[in-house]
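I opened the model and wrote down what I looked up, entry by entry.

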Amino acid sequence: MVACKRQLIIFGGFHESARDYIYYNDVYAFNLDSFTWSKLAPAGIGPAPRSGCQMTASPEGNVIIYGGYSKQRIKKDVDKGTLHTDMFLLKAEGVGKEEEKWTWSRLSPSGVKPPPRSGFSVAVGPGNRSLLFGGVQDEEEEESLEGDFFNDIYFYDMGKNRWFPAQLKGPKSEKRKRRRGRQAESEAAGDGEVEQRPPQGPLEIIKEVVAEDGTVMTIKQVISGPAEEKERSESEEEEEEETGALGQQVEPCPRSSAMVAVKHGVLYVYGGMFEVGDRQFTLSDLHSIDLHKMEEWKVLVEMDPKAQEWLEESESDEEDDDVEGAEGGEEEEESSEEESEDDEGEEQHPAVEPGENPEEYLSRTEQYWIKVARSHMGPEAKEKKVVKVAHAMAKTFHEDSA
């Protein structure tokens with residue numbers, strides 16, 4: 001649902017019962033002046049039935065719809081899920097008048113589109129842009145279901161009909177110091193003259209390139225002046241970006257279903273969830289980032305591991321799969337077993353040394369946590385996902401020990 005002029009516009013959704021389900025692609029409007037509902041009948045071909053899609057109201061009073069999820073029954077007791085990546089414009093003509101007309105049209109945006117996902121969060125940012133944060137892409141393999149979670153940001157320019165990924169620039173002062181240091185080594189004699197040019201011309205261009213293009217290579221080529229420095233700055237800045245991305249204080253961990261809001265150009269991201277193996281982990285942290293500067297994430301409220309709960313739908317991995325059913329007592333036994341396992345596990349984990357920051361602790365114990373993650377996720381899990389989960393577990397343990 002979105003607020004559009006003096007109306008609330010609702011599109012799609014789904015209803016599921018024990019026996020069946022149905023997805024919708026109908027549109028309803030609630031008039032904020034008369035407090036009455038009306039069903040719209042837009043002309044043209046609209047989106048297929050779906051739920052969980054992105055809806056954004058444009059300043060002109062139109063509605064943009066992106067993505068979503070639906071599933072279809074292909075044979076008895078077998079469903080196939082679909083992640084939608086198409087985009088539509090619901091255009092209004094004569095808004096507020098009796099002869100108000102709505103029309104569907106399909107959009108074909110340019111730029112770098114977000115990878116397919118569900119559970120992403122949406123907000124309207126500055127500069128006539130909407131943004132997409134996080135989400136999960138489920139990989140269905142026979143009877144198993146694995147999720148690849150995201151913590152990236154994609155902007156959609158409503159005026160130019162274009163997607164582009166957001167890129168963290170990092171604090172300006174640090175970048176300038178590093179650049180000056182490299183120039184001092186390579187050109188000791190002409191240091192002052194060379195310094196005066198890069199901080200001004202190229203740095204102004206970088207902002208425009210990041211906003212329009214969003215590709216890292218373009219940013220790096222613009223930053224440096226001499227060709228020799230380009231190669232050096234590219235490799236060094238790649239390392240800086242990688243270490244920045246790994247630093248737990250710099251960005252929220254990957255997640256889906258986060259709450260987002262934008263105020264005065266600042267994006268706030270609260271909570272959400274991610275999965276470790278067959279467990280769901282609910283988050284309660286709060287982050288923010290200035291969308292104008294795009295320099296760094298700020299942690300407003302850290303995650304409190306002691307306040308989290310592991311939620312499982314089935315018995316623990318060590319028990320037989322066929323031991324199901326009988327509710328009640330088993331749930332209590334399960335929780336007590338998990339508590340004892342957690343207590344034992346905490347005693348066996350590598351201790352955090354005095355004054356050791358998260359990056360140092362992860363570097364020292366990474367292989368241990370990878371083994372722990374592998375034991376939880378099983379031998380079939382992909383290495384990339386195992387490493388991601390291992391880092392999340394190490395972060396949680398470090399914060400719990402602080």
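I began with Phe88, which counts as buried at 4% relative accessibility, where buried means under 20% relative accessible area, exposed over 50% and partly exposed in between (1.4 Å probe, protein chains only). I note that this is a predicted model, in which local features need pLDDT of at least 70 and side-chain atom pairs count only at pLDDT 80 or more, while totals for chains, interfaces and linings use all residues. Residues are numbered from 1 along each chain as its sequence is written, and side-chain values use heavy atoms, with hydrogens and water left out.

Leaving aside residues up to four places away in sequence, Phe88 touches a set of residues including Ile45, Pro47, Val63, Ile65, Trp104 and Leu107, contact being heavy atoms within 4.5 Å. Trp104 is 16 residues from Phe88 in sequence, and their C-alpha atoms are 6.9 Å apart.

Next I followed the sheet, an open one of 4 strands in the order β5-β6-β7-β8 with antiparallel pairing, where two strands pair if DSSP finds at least two bridges between them. Its edge strands, each pairing on one side only, are β5 (54–57) and β8 (101–107). Strand β6 (residues 63–75) and strand β7 (residues 78–93) pair over 11 bridges, and I found Met87 in β7 as the bridge partner of Tyr66.

Last, I checked Tyr268 in strand β15 (residues 266–276), and recorded Tyr268 as partly exposed, with a relative accessible area of 32%.

Notes. Helix = DSSP H or I, 4+ residues; strand = E, 2+ residues; numbered from the N terminus.
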